[in-house]
Amino acid sequence: MITFGVIGAGWRTDFFMRIAAALPDRFAVSGVVIRNADKATAFTGRWNVPTFGTAEEMLDATTPDLVVVSVPWGVSVSMLRLCAERGVPALGETPPAPDVEGLNELATLVRQNAKIQVAEQYFAQPLHAARLTVVRSGRIGTPSQAQVSVAHGYHGISLMRKYLGIRFENATITARRVVSPIVNSPGREGPPETEKVVDSGQMLAHFEFENGKTGLFDFTGDQYFSFIRGPRLLVRGERGEIENETVRFLLDATAGVRLSLQREDTGHLGNLEGYHHRGYTLGAEYVYRNPFAPGRLADDEIAIAAALAGTAAYAQGGPDFYSLADAAQDRYLDIRMEEAARTGAPVTTDTQAWAE
């Protein structure tokens with residue numbers, strides 16, 4: 001059983017609440033910090049968890065295994081600092097700080113033994129986790145190119161780095177913004193009531209890393225909810241490639257194989273196990289098994305549950321789930337990508353203190 005508190009009660013906090021509700025034998029919520037009294041009352045009624053007016057009150061009254069810091073950029077650093085001062089492991093939302101100054105402040109806390117992880121969840125979503133297993137198996141050889149059109153900014157950069165095996169290598173970045181028309185897409189509140197053609201902003205960027213590997217970043221904000229703009233991924237190595245759910249690789253110089261990553265869910269076609277995600281197979285092999293089955297969770301919730309479990313294990317002396325240094329690097333590359341797009345000139349990154 002992992003107990004966690006949450007500072008903040010925005011849209012993202014509901015993900016953590018749904019995970020705890022779906023997996024009551026794995027997770028329990030010790031408290032949620034909500035400053036607004038009316039909002040706190042409504043939240044308690046919806047989720048049946050205790051609420052507190054300040055983080056100090058919650059930490060005085062409870063002893064969670066970790067605290068999720070799910071607050072706006074402007075206060076995330078101060079809340080992570082508070083957790084560090086109280087000796088409580090923290091799982092910060094992405095990005096952990098909005099600027100390099102804040103990232104360096106958090107890196108200093110980690111060097112002083114603060115236990116901070118970051119809820120960068122995309123690589124832990126089932127399909128990405130399955131693809132990463134294929135990459136690490138060596139089937140496609142050593143990845144040298146990744147084209148990522150999955151998520152915005154630091155999220156997409158995190159995936160690029162994961163697929164390429166990039167840590168803190170510097171890069172030269174060229175980028176530009178493109179605007180094209182699209183019928184307005186759904187958002188967090190659901191589909192629009194009427195059709196209207198609006199502008200769709202797209203970021204296109206090329207990353208040339210100092211080890212010779214390259215990344216292509218491509219994303220429009222519509223992709224998260226749109227019915228007509230989907231995610232795309234291509235990872236290439238010298239022996240093969242992964243193109244969305246298709247894996248191509250060589251058996252030898254005279255023969256190649258094409259296999260598909262197949263999603264395995266229960267509860268379909270008369271199956272009586274109830275609905276949950278089981279995993280992904282490639283041919284006769286499971287390349288991903290859902291560690292939270294039979295919980296009825298969406299893929300993003302499975303990934304966030306992995307962040308909670310990984311942070312709890314880290315707090316007990318285990319390995320990083322996603323380190324502050326990695327998350328800081330994602331945000332730093334995101335900042336430099338935005339600079340390249342704004343100026344129209346290539347930018348070259350510099351090694352930052354957290355890389356040490």
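Trainee: Buried means under 20% relative accessible area, exposed over 50%, and partly exposed in between (1.4 Å probe, protein chains only). With that settled, which residues of helix 6 are buried?

Mentor: They are Pro126, Leu127, His128, Ala129, Ala130, Arg131, Leu132, Val134 and Val135. That is nine of the twelve residues, so helix 6 is mostly covered. Helices (H or I, at least four residues) and strands (E, at least two) are DSSP runs, numbered from the N terminus.

Trainee: What kind of model is this, and how are its residues numbered?

Mentor: It is a predicted model, where local features need pLDDT of at least 70, side-chain atom pairs count only at pLDDT 80 or more, and totals for chains, interfaces and linings use all residues. Residues are numbered from 1 along each chain as its sequence is written, and side-chain values use heavy atoms, with hydrogens and water left out.

Trainee: Back to helix 6. What span should it have?

Mentor: Its twelve residues, 126–137, should span 16 Å at 1.5 Å a residue. The end C-alpha atoms are 17 Å apart, which agrees. The expected span is 1.5 Å times one less than the number of residues.

Trainee: What follows helix 6?

Mentor: Gly138, with a positive phi near 85°.

Trainee: And helix 8? How far does it reach?

Mentor: Helix 8 covers residues 299–315 and has 17 residues. It reaches 24 Å from its first C-alpha to its last, close to the 24 Å expected. Helix 8 is mostly covered too, with 14 of its 17 residues buried. Just after helix 8, Gly317 takes a positive phi of about 105°.

Trainee: How many bridges join strand 2 and strand 3?

Mentor: Two, in the parallel sense. Strand 2 is residues 27–33. Val33 stands opposite Phe52 in strand 3.

Trainee: Now strand 10. Is it enclosed or open?

Mentor: Largely enclosed by the rest of the structure, because six of its seven residues, 214–220, are buried.

Trainee: Which strands does strand 10 pair with?

Mentor: Strand 7 (residues 143–149) pairs with strand 10 in the parallel sense over four bridges. There, Ala146 has Gly215 as its bridge partner. Strand 9 (residues 197–209) pairs with strand 10 in the antiparallel sense over seven bridges. Ala205 stands opposite Phe217 in that pairing.

Trainee: What sits in the hairpin of strand 9 and strand 10?

Mentor: Four residues lie between the strands. Gly212 takes a positive phi near 95° in that hairpin.

Trainee: Tell me about His155. Buried or exposed?

Mentor: Buried, with a relative accessible area of 7%. His155 is in helix 7 (residues 153–164). A polar contact of 2.9 Å joins its side chain to that of Glu120. A polar contact is a pair of N or O atoms within 3.5 Å; within protein, one must be able to donate a hydrogen and the other to accept it, and residues adjacent in sequence count only if both atoms are side-chain atoms.

Trainee: Is Leu269 buried or exposed?

Mentor: Exposed, with a relative accessible area of 93%.

Trainee: Last one. What about Leu261?

Mentor: Leu261 is in strand 14 (residues 255–265). At 5% relative accessibility, Leu261 counts as buried. Leu261 and Ile140 are 121 residues apart in sequence and 14 Å apart in space, C-alpha to C-alpha.

Notes: Pairing = 2+ DSSP bridges.
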